[in-house]
Amino acid sequence: GRAEGGKDGLQTVGILLVVCSSLKLMHFLGLIDLSTADSVEDDFELSTVCHRPESMDKLQEQTKFTKKELQVLYRGFKNECPSGVVNEENFKTIYSQFFPQGDSSMYAHFLFEAFDTNKNGSVSFEDFVFGLSIILRGTINDRLNWAFNLYDLNKDGCITKEEMLDIMKSIYDMMGKYTYPTMQDDAPREHVESFFQKMDRNKDGVVTIEEFIESCKKDENIMQSMQLFDNVI
């Protein structure tokens, strides 16, 4: 019925926000428009940053971006982050600007941890472009693996109801109570139950990466949302 459709819609929103989040960051950093790419110099030659990124050629080999795209990405990144790294507070500041109607701090925290693959408390340019490359240019499996890692808060290889509830609460908080005025306070928990009914195929109370990918691939809404931002840059 209508309520079930609402839950499915929110599940799609949850997956979609993984992709949308990267776009929020890119827009904040001024990275969407590549029209000035021809005038971009090799900013990697500059020595003003504290963190020295790897060479353009190496990053080009390791990502699905062209050298020109990497140059533009780096210029935007360096302009906003002169030190060459982004910390969690930077993420929270970015999201507070894009979601002023809600509290985005918890979602920004979860997203920061997903980008901070080295778990050193900062996101370097390499971390940033590796994540963007997967989200924007990766295969469906790549993207779903990245989304699963975001939801797997303690990184133990499975998603529990508690973890998914924390994620969904953070999404509701970020979107703001006025976004879903008819929703009850227990809506995140109802959504989690719907998620597990669909994803937890062996009913053991946790969702594994295999269950997650298989279920997402069978969900037309999720597949469409994962492809919305193909070829953004």
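This text walks you through the structure above, from its overall make-up to a few single residues.

What you see is a predicted model, in which local features need pLDDT of at least 70, side-chain atom pairs count only at pLDDT 80 or more, and totals for chains, interfaces and linings use all residues. Residues are numbered from 1 along each chain as its sequence is written, and side-chain values use heavy atoms, with hydrogens and water left out.

Let us begin with confidence. The score called pLDDT is the predictor's confidence in each residue, on a scale from 0 to 100. Its mean over the protein is 77, and 70% of the residues reach 70 or more. Over residues 1-6 pLDDT stays under 50, and the model has one contact for them beyond four places in sequence; a contact here means heavy atoms within 4.5 Å. Residues 31-50 also have pLDDT under 50 throughout, and for this stretch the model has 49 contacts beyond four places in sequence.

Now for the overall build. The protein has eleven helices and four strands. These are DSSP runs, numbered from the N terminus: helices are H or I over at least four residues, and strands are E over at least two.

The UniProt record, an unreviewed entry, lists "domain: EF-hand" for residues 103-138, 139-174 and 187-222. UniProt positions are given in the numbering used here, with feature names shortened, and such annotations may be inferred rather than shown by experiment. Residues 103-138 are 67% helix and 6% strand, and the C-alpha atoms at the ends of this span lie 30 Å apart. For residues 187-222 the figures are 69% helix and 8% strand, with 20 Å between the end C-alpha atoms.

Buried residues make up 48% of the 233 residues; buried means under 20% relative accessible area, exposed means over 50%, and partly exposed is in between (1.4 Å probe, protein chains only). The protein exposes about 11300 Å², and carbon and sulfur atoms supply 49% of that area. Accessible areas come from the Shrake-Rupley method with a 1.4 Å probe, and for residues only the protein chains shown count as cover.

On the inside, the largest nonpolar core has 56 residues, and those with the most contacts within it are F91, Y95, F115, V129, M164 and F212. A nonpolar core is a set of buried Ala, Val, Leu, Ile, Met, Phe, Trp, Tyr and Cys residues joined through side-chain atoms within 4.5 Å. Helix α8 (residues 161-175) gives the largest share of this core, eight residues.

W146 sits in helix α7 (residues 140-151) and is buried because its relative accessible area is 8%. Its C-alpha atom is 8.1 Å from that of G131, a residue 15 places away in sequence. F98 belongs to helix α4 (residues 88-98) and counts as partly exposed, because its relative accessibility is 23%. F98 and M174 are 76 residues apart along the chain, yet their C-alpha atoms are separated by 9.5 Å.

K78, in helix α3 (residues 67-80), has a relative accessible area of 14%, so K78 is buried. Between the C-alpha atoms of K78 and F125, 47 residues apart in sequence, the distance is 8.5 Å. K155 lies in the loop between α7 and β3 (158-160), and at 30% relative accessibility K155 is partly exposed. K203 is in the loop between α9 (187-199) and β4 (206-208); with a relative accessibility of 55%, K203 counts as exposed. Which backbone angle stands out here? K155 has a positive phi of about 55 degrees although it is not a glycine, and phi of K203 is near 55 degrees, again a positive value in a residue other than glycine.

Finally, look at the cysteines. C158 is buried at 15% relative accessibility, and C216 is buried at 0%. If a disulfide is taken as a pair of cysteine sulfur atoms within 2.5 Å, the count of disulfides comes to zero.
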